Amino acid sequence: NIDLAIKENELIEINKELEEKKAILNERVAAIYKNSNSSNFSFFEVLFKSKSFTEILSKLKLMNLLADQDAKIVEDIKNKKSAILSVKQSIIDLKKKQDEQKSNLEKLVAQAEQKKQEVSNILDEKNALLSSTRANKKALLAMEAQLAAKEKEIQRILESLKYGSAPTGKLLWPVAGKLTSGFGYRNHPI
């Protein structure tokens, strides 16, 4: 952006100088045109109207100086126009580069947004796993508390059996079905 602004300011300055040079050249051409129409001014007329040889030399020298100055102005105008073309090309190149950088920046921003979304999704997934793990931990702790309570109950029952107190209640037959032999010795069938 800075380079672009510098080139645009440079273009404005060159255009201003070009306009000044064109104005000077236009004034010179207008003056030459006015003088040549009113008195048919020409090189030979300068020679014939001169009164002495030194006057001819001074007028020729003056004409050469004016012609050199006009040629210099024309050369300056050509240089300014080529400089304008060069600066305009530089501005076009800088704008292309700026557009490319803007495009690259937009791509990077889009990639950053995508990565941010991916990270957010991963974070949400981790948070879901963490809450699931916490719920499982609570369930395991509750299960452990139940098992500990049952273990205490079983140990209490075992302790009571250890010292001879039997559980109260009616004993059940070991199997259901027909009784073939009673309690005690058996008689040999033969």
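Lys16 is partly exposed, with a relative accessible area of 45%, and in this predicted model its side chain forms a salt bridge with Glu13, the closest N and O atoms of the two being 4.0 Å apart. Glu13 is likewise partly exposed, at a relative accessible area of 42%. Lys16 and Glu13 both belong to helix α1, and because they are 3 residues apart in that helix, about one helical turn separates them.

Side chains of opposite charge can pair when their charged atoms come close.

A further salt bridge involves Glu17 and Lys80, with the closest N and O atoms 2.3 Å apart. This pair links distant parts of the chain, since Glu17 lies in helix α1 and Lys80 in helix α3, 63 residues apart. Glu17 is partly exposed, with a relative accessible area of 31%.

With regard to the overall arrangement, the protein has 3 helices and 0 strands, and its elements run α-α-α from the N terminus on. Helix α3 covers residues 53–162; it has 110 residues and reaches 157 Å from its first C-alpha to its last, a span close to the 164 Å expected at 1.5 Å a residue. Of the contacts between residues at least 6 apart in sequence, 80% join residues that are at least 24 apart.

Buried residues account for 8% of the 190 residues in the protein. In helix α3, the buried positions include Ile56, Asp70, Ile73, Ile77, Ile84, Val87 and Ile91. The accessible surface of the protein comes to about 17,200 Å², and 60% of this surface belongs to carbon and sulfur atoms. On that surface, a nonpolar patch is formed by Ile154, Ile157, Leu158 and Leu161, which together have about 370 Å² of accessible area. Leu161, one of the residues of this patch, is found in helix α3 and is partly exposed, with a relative accessible area of 43%.

The confidence of the prediction was considered across the chain and by element. The protein averages a pLDDT of 82, and 87% of the residues score at least 70. Among the elements, helix α2, comprising residues 43–49, has the lowest mean pLDDT, at 68, whereas helix α3 has the highest, at 88.

Definitions and conventions. Residues numbered from 1 in each chain as written. Heavy atoms only, no water. Helix = DSSP H or I, 4+ residues; strand = E, 2+ residues; numbered from the N terminus. Buried < 20%, exposed > 50% of the residue type's maximum accessible area, 1.4 Å probe, protein only. Contact = heavy atoms within 4.5 Å. Areas by Shrake-Rupley, 256 points an atom, 1.4 Å probe, with all protein chains shown as cover. pLDDT = per-residue confidence, 0-100. Patch = residues over 30% accessible without salt bridge, like charges linked within 9 Å, V, L, I, M, F, W, Y side chains within 5 Å. Expected span 1.5 Å × (residues − 1).
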